[in-house]
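The sequence and structure come first.

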Amino acid sequence: MELRSVLVIACGAIARELVRVRDTNGWDHLEIQCLPANLHNSPEKIPGAVSDRIESEKHRFERIFVAYADCGTAGALDKALVGTGAERIPGAHCYEFFAGSDVFFGLADEEVGSFYLTDFLVRHFERLVITGLGLDRHPELASSYFANYKRVVYLAQTKSARLQSLAEAHAKRLGLEYKYVYRGDGPLTAALIPSLKKPDDPACGKTAGSKI
Amino acid sequence: MSDQYDDIVLAELSDEELIEQMHDDLYDGLADEVAEGTQIFLNRGWEASRVLDEALVAGMTIVGVDFRDGILFVPEVLMAANAMKAGMALLRPILADTGAKPIGKMVIGTVKGDIHDIGKNLVGMMMEGAGFEVIDLGINVEADTFAAALVEHRPDLLGMSALLTTTMPYMQVVIDTLKERGLRDKATVLVGGAPLNEEFCEAIGADAYCRDAAVAVETAKEFVRGTA
């Protein structure tokens, strides 16, 4: 059986951005498979889910890349990858690779009480933030969760006016100030290039296939 | 609470029934009912410490166990904690007036760079409920502040909390600062927070990792008794 080139096992919360980066850069040697985005709220389940996918797919690919950062696993994801040959995106979490490390840590230094949203989280705020934190059932808990936050920072991957308006409304709903920081796909692309850029070997492009 | 319980009059329940009902009300996060039950026991002449132990702490212990076992989730635990807080608000002044000596003293805080305090507050409340004096340094606490608090308050225990993988390494900075200033042996260092584990605790040279508030209380008791 001919092996495909590279499998990217990705967090569903960055699926759109990954596909866009792949298509923009002509990285057609990548097949992207996503795990459920709600693992974002249960990081302890990420290493097992990634390991299971590696195990089930490793025989089909020459190489596997994991499109997660540490994502709250406190090193457990790295441990799960030991011996698999798979790499992951550097950094602590998606906010870091969407912003770029310097920008992210600058924002955190500027205001430690920053609650970050990405395009995905703006779109799915109701499910992942409101329902995920139980605020649909207990709206009075918002003051417990967000007491120490001062602002919402929307790290935007696109310049969508609709999403900006939604993000601002989310900030207002939480009673927080709002800051818009457009970063586009540049920082994510930069984080992926070392591992995923299309090799010079022309054969790498021939085996491409994609689930997305 | 479902409609079938709407007609329960707490004041008409026996002590035993009321304790059980308060455990249920804590579990369901019903702050008004927990406060009412607390007041009823005080009116019946119960010592505040007994109400605290048998109604509130015992009820929160059930919540803690079910959280650990994946039956309850953070929102429900928060609701229960708020309910316990309502009962504690009635008991705290009475307990303070009794002049009872605390079984130990703890300085607690969320480390620098981190503003998450739900777990830390829960630990503080449970420690207080267990008879400890708790000095809460708040959130985003610098190593200097922890060190100064050790000198000022001379606690038996220092508790550090972090929710983020990016901030938990700061616990090492705090411990190193304590060592540099000759303070490391002055207090038992307990650490906790969602991304932590035993291995991390050992790596940074803390004394114990506490996976939840109930474990923190038991661990603290063992250390002050000298049985850890």
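How many of the 6 residues of strand β6 (residues 151–156) of chain A are buried?

## Model and numbering

This is a predicted model, in which local features need pLDDT of at least 70 and side-chain atom pairs count only at pLDDT 80 or more, while totals for chains, interfaces and linings use all residues. Residues are numbered from 1 along each chain as its sequence is written, and chains are lettered from A and ligands numbered from 1 in the order in which they are written.

The predictor assigns the complex an ipTM of 0.83 and a pTM of 0.85. For chain B the mean pLDDT (the predictor's confidence in each residue, from 0 to 100) is 93, and 97% of its residues reach 70 or more.

## Strand β6 of chain A

In β6(A), 5 of the 6 residues are buried, so the strand is mostly covered. Buried means that 20 or more other C-beta atoms, placed from the backbone, lie within 10 Å of the residue's own. Strands are DSSP runs of E with at least two residues, helices are runs of H or I with at least four, and both are numbered from the N terminus.

## Pairing and crossover

Strands pair if DSSP finds at least two bridges between them. Strand β5 (residues 114–117) of chain A pairs with β6(A) in the parallel sense over 4 bridges; A:S114 has A:R151 as its bridge partner in β6(A).

With strand β7 (residues 177–182) of chain A, β6(A) forms 6 bridges, also in the parallel sense. There A:L155 stands opposite A:V181 of β7(A). From β6(A) the chain passes through helix α9 (residues 161–174) of chain A to β7(A) in a right-handed β-α-β crossover (clockwise from the first strand over the helix to the second, with the strands pointing away from the viewer).

## Contact between chains

Contacts (C-beta atoms, placed from the backbone, within 7 Å) link 14 residues of chain A with 15 residues of chain B. The chain A side has 6 nonpolar, 6 polar and 2 charged residues. Here Ala, Val, Leu, Ile, Met, Phe, Trp, Tyr, Cys and Pro count as nonpolar, Asp, Glu, Lys and Arg as charged, and the others, Gly among them, as polar.

Methods. Two residues are in contact if their C-beta atoms, placed from the backbone, lie within 7 Å. A residue is buried if 20 or more other C-beta atoms lie within 10 Å of its own, exposed if 12 or fewer, and partly exposed in between; C-beta atoms are placed from the backbone.
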